[in-house]
Amino acid sequence: MSSYQYNQVTPEIIEAIKAAAPGHVLVGDQINEDYSHDEMSIYGKAMPDVLIEATTTEEVAAVMKICNDNKIPVTPSGARTALTGGPVSLLGGVMISTTKMNKILGYDKENFVVTIQPGVLLNDLAEDCLKQGLMYPPDPGEKFATVGGNVSTNAGGMRAVKYGTTRDYVRAMTVVLPTGEIVHEGATVSKTSSGYSLLNLMIGSEGTLGIITEMTLKVIANPKATISMIVPYEKLDDAIATVPKFFLNHLSPQALEFMERDVVDDTEKFLGKNVYPKQMEGTEVGAYVLATFDGNSEDELMDIVEKASEVVLEAGAIDVLVADTPQLMRDAWAVRSALLEAIEANTTLLDECDVVVPVTKIPEFLTYAKSLEKEHGFTIKSFGHAGDGNLHVYTCSNDMEEAEFNKQVEDFMKKVYAKATEEGGLISGEHGIGCGKMEYLKDFVGPVNMRIMKGIKEVFDPNMILNPGKVCYEIQK
Amino acid sequence: MDYKKFDEQDLNFFLENFDRKRVFYGKEIREDYSHDEMGTIAHYPDILIQVVSTEEVSKVMKYAYDHHLPTVVRGSGTGLVGACVPVFGGIMIETTLMNHILELDTDNLTVTVEPGVLLMELSKYVEDNDLFYPPDPGEKSATIAGNISTNAGGMRAVKYGVTRDYVRGLTVVMPDGQVLELGGKIVKNSSGYGLKDLVIGSEGTLCVITKAILKLVPLPQKTISLLVPFDSFSEAAAVVPKIIKAKHIPTAMEFMERGTILFAEEFLGKKFPDTNSAAYILLTFDGNSKEQVEAEYDSVAHLCLNEGAKDVFIVDTDERKDSVWSARGAFLEAIKASTPEMDECDVVVPRNRVADYIDFSHDLEKKMGIRIPSFGHAGDGNLHLYICRDKMDDVTWKRTLKEAFDQLYGKAFEFDGCVSGEHGIGYAKRNYLEEDYGDYTMNLMVGIKKAFDPNNILNPQKVCEC
Ligand SMILES: Cc1cc2nc3c(=O)[nH]c(=O)nc-3n(C[C@H](O)[C@H](O)[C@H](O)COP(=O)(O)OP(=O)(O)OC[C@H]3O[C@@H](n4cnc5c(N)ncnc54)[C@H](O)[C@@H]3O)c2cc1C
Ligand SMILES: Cc1cc2nc3c(=O)[nH]c(=O)nc-3n(C[C@H](O)[C@H](O)[C@H](O)COP(=O)(O)OP(=O)(O)OC[C@H]3O[C@@H](n4cnc5c(N)ncnc54)[C@H](O)[C@@H]3O)c2cc1C
């Protein structure tokens, strides 16, 4: 428990902040209710007292310094699409939003990097890169998240199986530390062994160690052609068993997702679309694999598709549907992208677990999670990244009391995280810990690991003012 | 630094609790253990323990922690910055007997190894199973944990990245003897701070690695190299960013100068395919089919010829491969053999600054009247420059070395480069790290070190501690 004391924001402090960030400060009722929660309101809501819509590194630094001097809690905020309560200002205080820092500053095509401000939306960066014949590979589901948010949660996404996660694309950043100090971590260079990797420490630290105000990201040449395949199976087990076979046959899909039938049905209904086959050759489809391949020519892709088809059919797929028109490919992926939204739309009480397990353990894990449905009284929906073992499991209820739901969920989560541990997995593959998963992280990694993390936090943030109550530092409730 | 002196009682503890055959003290400790491959600093440990298990490492650390004894981990001792040298004596933990490959998982494409497995054993083992561990630092007799601890790079970094990119999970022993698991057999991880990534490249200052889960990829079916001669180094280096800009990604892009090649020929007693030109780049391509690889190297070969290459030699026969790659592998040793003493600068600069940087080093040679032979990884901007002592006396050597380093690192920082691309900071490069990062960042590193190792017993005076 914490021994750190915080102060309330006073009119004098507000004046000082206004002088430091003239014209970019909102106070009290001027702040929209949206700033009280992220996309997973179940972890609690709280309004900040002051909102800064920052525009420069210097402004962020000046505000940070005032808050540090006065021991005012500060919460960094991007597009607020997080799923673990990361951008919620649990103690009120000051929130620094990066959404106005949304400029792409420039490309360096000889070193294959792009430099951007943190509030650039993933969607905007991806599109702008394409215009340059480049690709920014990380591709998390929510395209209207900020790239600063993505870096802070080490967001994963669909293409991680081939291209890795956000971490693998961050070369350098400018960071405002909790003391107001401005530091630069990393460099444009492509490798380094120069002391502890503070760059890597900053990535995935969920706004608890510093506020990222500029980033240099690695980009790659855009693959010239892509093609997707929808592969229906009778059972999920067979679908997952195919995954390693792709790699062993030298097939390197850009994305490799699995979906169960019920979730696809719900989503198609939600979208008013009918894309996925439900019954084939007299067999009822139980699960799908959706794979995308990329390459340098149509010919190369046709070879790949042929080989991949052989592999999946041998592994027990009912059939293969090649999405060879742009329309079909868009439709197939539109369903994949809307899975969470459809679940959200159909559910009043929702919680999530984002475990990652070794790929081969996916069916075992999901069977176990499903087997708990009845005893806890909620429905379980799941989908995930088959290629990298990252699963999203949702507990959904439309008729439980919230308190009861929370109690049941807590119990359920303990069990499934224990199962994940037993299988050699981890608590979060890509959504982070925030405040929603801290209790479980504690159980999971143990006291030594937690102590080290908190020790690191104290080094960066001696007054513990930056995003208190997140990841590894608990506040008194 | 106030450590307890290693005494009789400490010695007895180790003699009683460890296999006598794996404990060495006093005169029993070979001279090798007092330095690494570069040999710029030397100090013996009081005791050397060849550990065989995580439990043993934990037992040593706990004892060291309770008795405030400085402790250093050593792999093969092939480091180049004095990182494994026990500058305060005390305990040395050697990992080379922990050299077992524990599991090959062909479904998840991982291999689990003990820390002392040698790089060459690992690559052979996985390649025999039609898989590939891409990181390929020059020294194949280094241990895998040594590679992880220095975030070793190597020849294939352009296409495949560095050691960091292949470490999925680590088992580590903390300075007080507690055992932690970081990461796992999994691809993604957003579960708290990236401690695994912090440990990678920390040069044995934060904890001791006792097990690693490494990522593998399928073995490329076809590999071919091109040796491309140029009239000047500037021309050779200028081609590199152009190749990348044209969206070709060779597996390796190395540059070499005639002088260095001649040393290697002499050192190995082997002929290089061609030594008529001033500078060469060596390019490697890999892929899954002959056609794919040929198409790729064909367009790169044309690009090089249009950019002033004098010729393009295809390195496809076993004999040619051997002569080219064994020369490339011997550069460091060959340069070392050419002079009584040398020291190294392993800077990394953005790849489009390589040509300017090497030109600068040539000018510096002339200006200072010294020899600075170099070679390096042109594709990723990581250069190895060697300042040779040749006939200098002690005083002149010290002064010259400092001046040359000041100039070389200063230039690298001007180009937004870093002190080390792959060899680390260790003992030898701390001042330059400090110069680059400044007090504030260095203090953060010291703070992190304290969070892991509050009593500062693990590899003191390295990386961030000056
Ligand atoms: C429909 C949907 C689908 C999703 N799919 C995926 C997916 O496939 N993969 C995935 O990984 N995630 C996914 N997410 C989660 C979410 O989009 C990501 O976590 C995203 O990275 C958050 O970015 P944001 O800009 O919304 O950040 P926020 O939610 O505003 O903040 C997230 C965290 O980052 C911190 N932060 C934000 N900006 C900065 C900064 N500049 N400096 C320091 N700290 C900062 C905040 O304090 C907070 O702790 C999904 C979410 C939704 C709603
Ligand atoms: C001819 C030659 C060529 C080389 N080429 C390259 C190259 O291309 N790329 C490159 O990156 N390097 C290269 N090196 C440098 C060297 O091989 C690497 O730094 C290597 O990673 C060191 O491994 P080692 O087992 O010898 O470690 P050591 O030298 O024994 O130790 C290096 C550091 O790692 C720490 N360490 C070792 N084991 C552990 C452990 N289990 N847990 C925690 N810390 C540990 C030590 O304390 C020390 O700080 C070369 C060296 C030589 C001599």
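**View 1. Strands 5 and 6 of chain B pair in the antiparallel sense.** In this predicted model, strand 5 of chain B covers residues 101-105 and strand 6 of chain B covers residues 110-113. Four bridges join the two strands. One bridge partner pair is B:E103 with B:T112, the latter in strand 6 of chain B. The two strands form a hairpin, with four residues between them. In the turn, B:L109 has a positive phi of about 50 degrees.

**View 2. Helix 2 of chain A spans residues 57-70.** The helix has 14 residues, and at 1.5 Å a residue it should span 20 Å; its end C-alpha atoms are 20 Å apart, so the two values agree. Helix 2 of chain A is mostly covered, with ten of its 14 residues buried. Among the buried residues are A:E59, A:V60, A:A61, A:A62 and A:V63. A:M64, A:I66, A:C67, A:N68 and A:N70 are also buried. After the helix comes A:K71, which has a positive phi, near 55 degrees.

**View 3. A:V63 and B:I281 belong to the largest nonpolar core.** This core holds 291 residues, and A:V63 and B:I281 touch the most other members. Helix 14 of chain A (residues 438-460) gives the most to the core, with ten residues. In soluble globular proteins, nonpolar side chains tend to be buried together.

**View 4. B:I281 is shown with its contacts beyond four places in sequence.** These contacts include B:V228, B:A236, B:V239 and B:V240. B:I281 is also in contact with B:M253, B:E254, B:F255 and B:A378.

Methods
Residues are numbered from 1 along each chain as its sequence is written. Chains are lettered from A and ligands numbered from 1 in the order in which they are written. This is a predicted model: local features need pLDDT of at least 70, side-chain atom pairs count only at pLDDT 80 or more; totals for chains, interfaces and linings use all residues. The expected span of a helix is 1.5 Å times one less than its number of residues. A residue is buried if 20 or more other C-beta atoms lie within 10 Å of its own, exposed if 12 or fewer, and partly exposed in between; C-beta atoms are placed from the backbone. A nonpolar core is a set of buried Ala, Val, Leu, Ile, Met, Phe, Trp, Tyr and Cys residues joined through C-beta atoms within 7 Å. Two residues are in contact if their C-beta atoms, placed from the backbone, lie within 7 Å. Two strands pair if DSSP finds at least two bridges between them.
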